[in-house]
Amino acid sequence: MSALSNKRILLGVTGSIAAYKAADLASKLTQAGAQVDVVLTESAQKFITPLTFQSVTGRRAYTDADLWGDEAHVLHVGLGHAADLLVIAPCTANTLAKLAHGQADSLLTVTALASNCPLLLAPAMDGGMYDHAATQENLDTLKKRGAYIIEPAEGHLASGLTGKGRLPETPELIGHIRLLLGRDGWLAKRKVIVTAGGTQEPLDPVRVLTNKSSGKQGYALAQAALDAGAEVTLITTPTSLTPPVGANVVNVQTAKQMLDAVLNESADADALIMAAAVADFRPKTLAKDKIKKEGGVPQVELEGTEDILKTVSSRRSDLKRLRVVAGFAAESQHLLENASNKLESKSLDMIAANDISASDAGFSVETNRVTLLFADGSRESLSLMSKTEVAEIMIERIGKLLG
Ligand code: CTP
């Protein structure tokens, strides 16, 4: 997760039962390469100890005792100034109120006042407290001042009530952190469309023709584009994956629906990356009712689907903002020759050729080995790497093509 490596994150933890989840957040951020400094309020320490955070971050965790210690005069200013991001998760109604009113009666609130980095708040509290007018007004005040608020999740609350107030799970929190860290990145103000997954072409109400695409490479591309600050539209078929936080998700099933969505979104897009495995054929007729076996083995007649990349390329002169169109070539033989032909026939700026006959690359697995071919005739062979790394390199190259 290079988006987080060497980032300095100041994590404030306040007195909510969800404080235990903050330990997992601190751990995962540290594992992703971030330098995490933790500040606990007095009430947070009723739920969890500084030692827990020190153990997972490998760094000293701070409490109010440090506000009056030897380093006191520089500590709060130093922590706030060094950070790329101040995250308060979980953030109680009490801390929200203090922040909204500029109170500075604890190391965390003094640090928040002294810091000049973006502030991300993840409110977590019991039923009714979040909806209370006082809390909502405090949130409005903080939003107006530029704070980024993560909506609490709905569900079971510690009191036994069900409602809005749960701290979202770590992956979602990290998604918001990445979004905020990346928002001024080199793709800021650029719109990138990514398609992902294998299309499904229905045969009858229960059966579809589909392929082995997992969507992993497309989702990794969407995340990498978000990390670079792009506005991302992810056009996806049904997959088991969770879309990256911040992506505008358009759900589709068939090649035709994907074509319509791509054309609709391309009008104001800067780049299109077709990572989806689009069906080339679909059943010519869709049976209204389930095909029963009593009728014998059905003869399924197929017809061709629309080629999305070719359709987009034929309309490039109308799509004024669309400067980069990239595709994938999934091949089991004559890899570079076929990829080069597709680059030309689909008028692409870049194509990623991947050999799907290898067991460690292509569909479903976590890794990929691709060669990038560019319209100017240049080529770049990437070694075996994670789909995340492939995505980061492709997004960087697309950024260069965008200029
Ligand atoms: N693609 C597309 N529309 C289709 C089929 C594919 O836009 N109907 C895109 C894919 O998303 C990919 C690229 O074209 O980016 C190449 O897809 P691939 O399946 O490798 O090639 P095909 O064009 O389908 O050709 P073939 O099946 O003969 O290999």
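Predicted model: local features only at pLDDT ≥ 70, side-chain atom pairs only at ≥ 80, totals over all residues.

Trainee: What is phi like at Ser 347?

Mentor: Phi there is near 50°, a positive value in a residue other than glycine. Most residues other than glycine have a negative phi.

Trainee: And how exposed is Ser 347?

Mentor: Ser 347 has a relative accessible area of 42%, so it counts as partly exposed.

Trainee: Okay, what about His 334, where is that?

Mentor: His 334 is in the loop between β17 and α12 (335-345). Its phi is positive too, near 45°, and His 334 isn't a glycine.

Trainee: Is His 334 buried or exposed?

Mentor: His 334 counts as exposed because its relative accessibility is 53%, and the cut-off for exposed is over 50%.

Trainee: Switching topic: which residues are closest to the ligand?

Mentor: Met 274, Ala 276, Phe 328, Lys 342 and Lys 346 are the closest, out of 16 residues that surround the ligand.

Trainee: What sort of residues make up that shell?

Mentor: The shell has 9 nonpolar residues, 5 charged and 2 polar.

Trainee: How much of the ligand does the protein bury?

Mentor: The protein buries 77% of the 560 Å² that the ligand exposes when taken alone.

Trainee: And where does the ligand sit?

Mentor: In the largest pocket. Two elements, α11 (308-314) and β17 (324-331), each give two or more residues to the shell around the ligand. The largest share comes from β17, with 4 residues.

Trainee: Let's zoom out. How many helices and strands are there in the chain?

Mentor: The chain has 13 helices and 22 strands. Its C-alpha atoms fill a box of roughly 75 × 55 × 40 Å along the principal axes, and 51% of its 403 residues are buried.

Trainee: Last one: what kind of peptide bond joins Ala 89 and Pro 90?

Mentor: A cis one, with omega about -5°. Most peptide bonds are trans. You'll find Pro 90 in strand β4 (residues 85-91).

Methods: Residues numbered from 1 in each chain as written. Heavy atoms only, no water. Near = heavy atom within 4 Å. Areas by Shrake-Rupley, 256 points an atom, 1.4 Å probe, with all protein chains shown as cover. 1 Å grid on protein atoms, 1.4 Å probe; cavity = no way out; pocket = protein on both sides within 12 Å on 5 of 7 lines; lining within 4 Å. Sits in = over half its atoms within 2 Å of the grid points. Nonpolar A, V, L, I, M, F, W, Y, C, P; charged D, E, K, R; others polar. Buried < 20%, exposed > 50% of the residue type's maximum accessible area, 1.4 Å probe, protein only.
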